[in-house]
Amino acid sequence: MGRRRGKAQAKPRPIIARRPVTTSGGSRLRHQKKLSSSSSSSSLLDEKKKNTKKKKNSSSYSQTTRNKRLIRLHKNVNFDEAVTTICDARARGIAPTTVDCNKLLSAGVRAGLWEDVLAGLQAMRGRTEPNHSSLAPEGTAAAACANITPSVVSYAVTVRVLGAAGQSVRALEVFSWMAQDGVAPDAVAFNAAVSACGTCADAMRLLGEAQAARLADVVTFNAALATLARGGKVRRAEDLLDAMTARKHAGRAAPAPNAVSFVTLIAALGSAGDADRALALLRRMPAAGLEPSVRAHNAALAALEAADRWRDALVLLGAMARDGVTPDGVSLRTALYACCAKSAGKSEEADADLADAKLNAQERERVQRGVQLLEAIEAGRFTKVPSPDYQMFHVVIQAAGAVGMHDVASAISRRLMASTATELRAHALVELPSPRGRVELSNGPSGAGAEECERLVRRVRKETQFEHVLSALPYAFAQDASKTDDDKCRSLAFHCEKKALALALHAAGTSRVTLPRIEVNIRMCSDCQAFYAHAATLTGRVLECVEQQSKNTRVFHPVNKL
């Protein structure tokens, strides 16, 4: 028999070497705290606090560290907050950095305060314009940024805010300062300058300079396309897009167009009334390696609506779903307006024009198709739009009432009241010179711009053939027998878009500067569109209004005869 195996002997535990006590840092303090008495521990901590305080008071505590602690400007800092923070820091003897000043200028861009931004840049350059001397006192952008070396970002930000405010001449002047100050422009600066151009010639000149400097990218070319489109140079814009497609412009390499390039030109063709070329351009996108986006389709739908081709608009809307492009609220709203806006723009007095039975049947057919589209939206057939909004209901009700389909209009009105759709309160924004800055306007005969608007409407009605489009009023208001025509005209006269235009023209005076940007949160009604068209010819200016909801810019050019 073999030997019985006994229990396995337990292995001896290895001796683990203890970590040596360090001679610096918190580990030493923690070790000493365990070994020493409480009195000696407190003396060590007190000594550390004294050393820390000495370090902060010594010259080794860098200026940059103090700046970070006292200025702390974040990316989306408020303009007034940025000015106050920097001025307080300067009062403590802490100078801001160029980055801090650039953040302040960017905050001014977001607030639309172009005069403050311009004064800040001038102060950074060590100069102050005579007409900005009032901005030099303490607590202003000029005081905050004084004598801080500007960078290329400083100039680009200023050019951008001036361009957005319609100050194209000043924007190009600021761009020229870069060469005077020995600052080389980058691609962002060129893009801001091209976008700010008020004339096609300036845009193409700067585009050539950007190409020569090898800084022109697709954003630069798109900015030039947009400037050509605003100036009505659609043919030249098409030539520029063709050059981008061929990857060569003016003998130099050019970037390939992107979706924004096509959308910009499609919208320009729509504004010019050339829906056929707009559709052809939409079909060219796959050949350029681009999938037609919902924005491109919306631009084409807007072109068809402007050309009063409601059948084609409905066909394109149906093709979107087949091509895998889901219609959004802008798509459906545009198609509804294509069917109904023309009829909704007719007044009751205009029904005499529909005496011809065939013409009346055509009007009723297009409105009926609009009613069917509204019912499809209510039924939830479009995934991105679970239910119609107020404007969709409104335009169909207006059109049905205008062509004599009062029962249909009343039925849709009842559905509107039972729905969750709420009327979107209209408001407009306009960028005015200091001290007013950005002004928000609402409908009604009171508030900002009311007096200027009343004078402008009176002048346009007196000196042109403009007459208010009463059918642009809400259906219930238009059908109210207690309301006179004067009441209805007065209601239309104080729409926020008209008030914004009146303030912009009043601020410009007799000078030929580009008018500041006007935005409205909803679609312009037919009365406001007619008013802008007559005002453009009366003043000899190109008028623009941006519809925020659809991101569509309506452009009104002067004509020789009203």
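Two strands are said to pair if DSSP finds at least two bridges between them. Strands (E, at least two residues) and helices (H or I, at least four) are DSSP runs, numbered from the N terminus.

The model shown in these legends is predicted: local features need pLDDT of at least 70, side-chain atom pairs count only at pLDDT 80 or more, and totals for chains, interfaces and linings use all residues. Residues are numbered from 1 along each chain as its sequence is written, and side-chain values use heavy atoms, with hydrogens and water left out.

**Figure 1. Overview of the protein chain.** The protein chain holds 26 helices and 7 strands. Of its 562 residues, 46% are buried, where buried means under 20% relative accessible area, exposed over 50% and partly exposed in between (1.4 Å probe, protein chains only). Contact means heavy atoms within 4.5 Å. Among contacts between residues at least 6 apart in sequence, 65% join residues at least 24 apart.

**Figure 2. Strand 3 and its partners.** Strand 3 (residues 427–431) is mostly covered, with 4 of its 5 residues buried. Strand 3 pairs with strand 4 (residues 438–442) in the antiparallel sense over 5 bridges, and E431 stands opposite R438 of strand 4. Strand 3 also pairs with strand 5 (residues 518–520), again in the antiparallel sense, over 3 bridges. There, E519 of strand 5 is the bridge partner of L429. Strand 5 and strand 6 (residues 543–547) pair in the parallel sense over 2 bridges, with E519 opposite V546 of strand 6.

**Figure 3. The packing of helix 5 against helix 6.** Helix 5 (residues 98–111) and helix 6 (residues 114–124) pack at an angle of about 160 degrees, their axes 9 Å apart. Helix 5 is therefore roughly antiparallel to helix 6, a term for angles over 145 degrees. The contact involves T98, C101, N102, L105, G108 and V109 of helix 5, together with V117, G120, L121 and M124 of helix 6. These residues divide into 6 nonpolar, 4 polar and no charged. Here Ala, Val, Leu, Ile, Met, Phe, Trp, Tyr, Cys and Pro count as nonpolar, Asp, Glu, Lys and Arg as charged, and the others, Gly among them, as polar.

**Figure 4. The surroundings of S331.** S331 lies in helix 18 (residues 329–344). With a relative accessibility of 0%, S331 counts as buried. Not counting residues up to four places away in sequence, S331 touches V294, N298, L301, L317 and M320.

Definitions and conventions. Axes fitted to C-alpha atoms, helices over the stretch in contact; angles between N-to-C directions. Parallel < 35°, antiparallel > 145°, perpendicular 65-115°, else oblique.
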